[in-house]
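Please look through the sequence and the structure shown below, and keep them in view while you read.

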Amino acid sequence: MFKIKKAEFLSADVKLFEIVAPEIAKRRQAGQFIILRLDEQGERIPLTIADSNPEQGTVTIIVQGIGKTTKSLNQKESGDSIMDVVGPLGKASHMEKFGTAVCIGGGVGSAIAYPTAVALKEAGNHVITINGARNKDLIILEEEMKQFSDESYITTDDGSYGHHGFVTDILQKLIDEKRELNFVLAIGPIPMMRAVAEATRPHNIQTVVSLNPIMIDGTGMCGGCRVLVDGDSKFACVDGPEFDGHKVDFTNLINRNRIYQGLEQESLKQHECQLLEQADKKEE
Amino acid sequence: MAEFPSKKERMQIKRHPMPEQDPQARNKNFEEVTCGYTAEMALEEAKRCLQCKIPTCIDGCPVSIKIDQFLELIVAEDLPGAMNKIKEDNFLPAICGRVCPQEKQCEQQCVLSKKGDSVAIGRLERFVADVSLEQAASTPSSTTSSTAKKSSGKRVAVVGSGPAGLACAADLIGAGHHVTVFEALHELGGVLVYGIPEFRLPKAIVKKEINGLAEAGVQFITNSVIGRTIGLDELFEEKGFNAAFLGTGAGLPNFMRIPGEEFGGVYSANEFLTRVNLMKSYQFPTYDSPIMDCKGATVAVIGGGNTAMDAVRVSKRMGAKRSMIVYRRSEAEMPARLEEIQHAKEEGVEFHNLTNPLCYLGDDKQQLTGMECIKMELGPPDDSGRRRPIPIEGSEFTTELDIVIVAIGNGSNPLLSQTNPEIETNKWGNIVVNPKTMATSREGVFAGGDIVTGGATVILAMGAGRTAAAAINDYLETK
């Protein structure tokens, strides 16, 4: 069992957890992920590590409640436990002094971009962060990002905060201004990562994306997480999770992530019905 | 107390068939296919043993179980004695009795097999083990560790809780060392729990065998990926281990690298079986992990090994309308156990041999709809000694499919070689060892099982684990 030390909502659907896992906290590097399983009946889901505190022995994850597992997880409070946590898995982000690095986070993707952006800064890069979401309430880590960034931007799809539009608008503006951009990291919804890769492709700007495909063991055994990179099948768990954005087949990634859509919705629906029943019983 | 009948009488007893669930019932449930011998059957079967002066059967056993002696003890109706005799050489008899390819090992070497049917050694091993496990359950925690030697004060890390690791741990704890087994998954047993299905090896049996080791003092730690959660160096430098055994098993599933393998509906056997066996997807939505609906589906499994048979039989149990094996050679070349092939046929699995997929077909959502195949014929033998399959030009055909499961073996897992390049690997990424000691190129580190040999059998992995345990014991004595 892995104890939750801290749990707090960052926005309506997004919650931050500090989980006691000293071995993982000690060795984790930016870009790596954990796999967790909530309980005996639970599925194994991969979540990128947002931060860690080796002294306190905790790792931080930031979770958006979408399916049954993430919604159940987001009901947990500090003092609760998670049955299984394993990690740190995957390769660490490749770090070097590129020059100017743009770190783009879309929605909860900002949580994943954050540690790599910090590491890029520590490696001596001029770091520009672009933090986007659907609306103001869904913007996370704004202050944290601002603190270490040399430049930081906020975008919202509905214009409720920052630039009215997409993260790629800002990126395109920087490109159009002939800024010398040496490295771009994009983490967020697949269409966003694809749009970023398409914006940088004509200018040959090295672009890295972090992928979150369907996964079970996370150690290279099952092959469920295979993604097409430059036409070649790669396993996100051991070859990734970060890949060259110009070479990833995003269409296939979207399609593979939809394989269980129907079943996932069924599972979620059943879960929500059970919650309602429990609530009704309590009221009685 | 029973005795062996005269040799002539013994020769007249027929090999007792294994009681099995009816094929048409069992292909709809996940309960064990074979039901096991009754005490009467076991006694009769054991009496068939000729008690050869030179028991050739033992030569066929990778761990050299004293077969003649344990059969003699069955006939003497001393089942605890028979169990102890087996355990001198094999700590996991309930598992091996079920999954060893006895027909290619001990039973093939049995003198009786030259003229007729060999003694059913595997079934008797299972019988003795099952009786012993049942009795252990009704009389809890006797002094299981009474045979253990005085503590050596030495600590050994065993990486992986599959058959190689468990066998190694069993011998090391018996020799008085402190043993800690690290497992990457949330459950112990490796391929015994994620790979081999419930109907062939009930998970409760695996659990009981592992509990036996835990009671003997082996410490088990799950959710621990050595090379990631804890580095190999840290095991020695920070955690105070004196030696390590790497039994990490086979890794990356192989694909054929043909068009369409990225489609939804194309599984590796590892993924399909892990979803069903480890994550219990067949009980979705009670269990959260989903799997594509096999009900009424047409399922093709590519390959002819035991894993292919496991996958195809699982698909049948999950309600597939048609479950088929697609294999590029003929049945004679199939690496699967004969018993598994027969069981699959009885359960209604179709066999399309001498057939090879060329590409998979999909819809606009990249969801599998079918595959294109080509017919094959057998040419002269290749390096493996098996006749090489050659495509027959112009024999291409397409067939409609809902699910494809690719079961053509595994590559090696790159995790440890990524972090510890000092451990020498061959061109396939398998760890190179001294075959006599299983020692790797790094001092104090030994390896065995599929990570060394590539995909093989449970008993070979156990044999390697035991060889390594003996060498680790010698190594620790010099330290």
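**Where the chains and domains meet**

Across the interface of chain B and chain A, the rule finds 24 residue pairs in polar contact, with both residues of each pair at pLDDT 80 or more; a polar contact is a pair of N or O atoms within 3.5 Å, where, within protein, one must be able to donate a hydrogen and the other to accept it, and where residues adjacent in sequence count only if both atoms are side-chain atoms. This is a predicted model, in which local features need pLDDT of at least 70 and side-chain atom pairs count only at pLDDT 80 or more, while totals for chains, interfaces and linings use all residues. Residues are numbered from 1 along each chain as its sequence is written, chains are lettered from A and ligands numbered from 1 in the order in which they are written, and side-chain values use heavy atoms, with hydrogens and water left out.

The side of chain B that touches chain A draws its largest share, four residues, from H14(B), a helix that covers residues 269–278 (helices, H or I with at least four residues, and strands, E with at least two, are DSSP runs numbered from the N terminus). By class, this side of chain B has 20 nonpolar, 15 polar and eleven charged residues, where Ala, Val, Leu, Ile, Met, Phe, Trp, Tyr, Cys and Pro count as nonpolar, Asp, Glu, Lys and Arg as charged, and the others, Gly among them, as polar. In total, 46 residues of chain B and 46 residues of chain A take part in the contact, which means heavy atoms within 4.5 Å. The two chains bury about 4000 Å² between them, with 52% coming from carbon and sulfur atoms; buried area is the accessible area (1.4 Å probe) that two parts lose on being put together, summed over both. Asn223(B), Arg228(B) and Asp288(B) supply 16% of the area that chain B buries against chain A, more than any other three residues.

The same interface holds five salt bridges, each being a side-chain nitrogen of Lys or Arg within 4 Å of a carboxyl oxygen of Asp or Glu. Arg257(B) forms a salt bridge with Asp232(A), and their closest N and O atoms are 2.8 Å apart.

Within chain B, the assignment, which is automatic or taken from a database, gives domain 1 (7–138), domain 2 (149–251 + 411–478) and domain 3 (255–408). The C-alpha centres of domain 1 and domain 3 of chain B are separated by 32 Å, and 18 residues of domain 1 are in contact with 15 residues of domain 3. These two domains of chain B bury about 1200 Å² between them, 46% of it on carbon and sulfur atoms, and Arg26(B), Asn27(B) and Phe30(B) supply 47% of the area on the side of domain 1, more than any other three residues. Three salt bridges are counted between these domains, and the side chains of Arg26(B) and Glu346(B) meet in a salt bridge with 2.7 Å from N to O.
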